[in-house]
Amino acid sequence: MGLRGLLDSILSPASEQKASRTQSVASIRFGEGAIWTPRNYASLIDQGYLRNTIAYRCVRLISEASANVRLNLKVGDRELDTHPLLDLIARPAPMRTGLSLLEEVYGYLLVAGNAYLEVVSLQGEPHELHALRPDRMKVLVDEAGWIEAYQYKVAGRAVELRKAEGDKLEPVLHIKLFNPLNDHYGFAPLEAAQVALDIHNAAGEWNKSLLDNAACPTGALIYGAGDAMNMTDDQFDRLKAELESSYQGAKNAGRPMLLEGGLDWKQMGMSPRDMDFIELKNMAAREVALAFGVPPMLLGIPGDNTYANYQEANRAFWRLTVLPLVARVLSEISGWLSAAYGEPLKLEADLDAIEALAHERKALWDRVTAADFLSRDEKRLAVGYGVEGADE
């Protein structure tokens, strides 16, 4: 079957074949994918996630912590122990776990500002979920500017993901972070940290170059002191070759330089101490961590006195960064998939299962337990549980 026939069979509303509609183009991953978002995604990933240890660790720390949060499913105030949606989240596709899927979703939000989930339905029921790469996605809008479909493109081949007549669900869920300058694409923390990333990366490259040159600051050999004549071409070439072979590189570090008559060394660059090199790099690292919402103390970056200790910094990380992101993503997924089950479902983070918040949760339980003016059901509601007997 040719590509046209394959795409037609995939896009046909009458087809009940359970498969991802992007599979036909995702299976040919050669060459560079199209850059659809309004910035250079590949460059940001290369300079940020792939080459910067601070950005890499921030993305991993947030995405792994968020994906490992245990989930509760509720209908109103009633918590459900079993439901097809819980099974779908736990096993979104063959050979795939919910942990890895959610980690991709959170990771894409942090590096691209956008995350896309595709649903594969069988007889109107969601059976698979797939995370799609943001750089391969394009939002298709109508004449009024409203979103009508999505296009997934790889190596010049594209497929449109559009809601067919009779479908309960939109084929794609687009989760995006707030962007004040774009109606259809989100703004990534990685992009906000771009200047600090450049400084941090440049400091690393400069340090490497300095080591390659025997840790000597930039300078010049001045010839012609006093009445000395200019160098001949042969003298210049010989001096240059001798400097490169005998005084550059880590193996020549510390070797004294012997200057002949008429030569004088003049330092032209600042030393690492003059530049306050270490503090400059740490400052850039703190700004990168700030863009992602990770306390620098958790990354081992010195010079941060915002929190008294590691435990306090960890609690702030969960409260100010992880939980708001988890609540945002779970709310989007719940609202999207509820239509398939005919009832308003709500996915929530199980706060009692988060070790970093154990001290806070214990304090809450103690206060509620000691509140004699509250009834048993009011106490249950205060700590996040439903009214007793509502599950029956």
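These legends go with a few close-up views of a predicted model.

**View 1. The whole protein, before zooming in.** This predicted model has 14 helices and eleven strands. Out of 392 residues, 40% count as buried. Take the contacts between residues at least 6 apart in sequence: 65% of them join residues at least 24 apart.

**View 2. Helix α6 packing with helix α12.** Here α6 (residues 98–112) meets α12 (residues 310–341) at an angle of about 115°, and the two axes sit 12 Å apart. The 65 to 115 degree range counts as roughly perpendicular, so that is how α6 and α12 are described. Their crossing is right-handed.

**View 3. The side chains between α6 and α12.** From α6, the contact draws on Leu 102, Val 105, Tyr 106 and Leu 109. From α12 come Leu 325, Val 326, Val 329 and Ile 333. Sorted by class, that gives eight nonpolar residues, with no polar and no charged ones.

**View 4. His 83 in its loop.** Look for His 83 in the loop that runs between β2 (78–80) and α5 (84–90). Is His 83 buried or exposed? Its relative accessibility is 11%, and buried means under 20%, so His 83 counts as buried.

**View 5. What His 83 touches.** Setting aside neighbours within four places in sequence, His 83 is in contact with Leu 73, Tyr 341, Glu 343 and Leu 345. With Glu 343 there is also a polar contact, side chain to side chain, at 3.4 Å.

Terms used:
Residues are numbered from 1 along each chain as its sequence is written. This is a predicted model: local features need pLDDT of at least 70, side-chain atom pairs count only at pLDDT 80 or more; totals for chains, interfaces and linings use all residues. Side-chain values use heavy atoms; hydrogens and water are left out. Axes are lines fitted to C-alpha atoms, for helices over the stretch in contact, and angles run from 0 to 180 degrees between N-to-C directions. Helices (H or I, at least four residues) and strands (E, at least two) are DSSP runs, numbered from the N terminus. Angles under 35 degrees count as roughly parallel, over 145 as roughly antiparallel, 65 to 115 as roughly perpendicular and the rest as oblique. A crossing is left-handed if the near helix is turned anticlockwise from the far one by less than a right angle, and right-handed if clockwise. Contact means heavy atoms within 4.5 Å. Ala, Val, Leu, Ile, Met, Phe, Trp, Tyr, Cys and Pro count as nonpolar, Asp, Glu, Lys and Arg as charged, and the others, Gly among them, as polar. Buried means under 20% relative accessible area, exposed over 50%, partly exposed in between (1.4 Å probe, protein chains only). A polar contact is a pair of N or O atoms within 3.5 Å; within protein, one must be able to donate a hydrogen and the other to accept it, and residues adjacent in sequence count only if both atoms are side-chain atoms.
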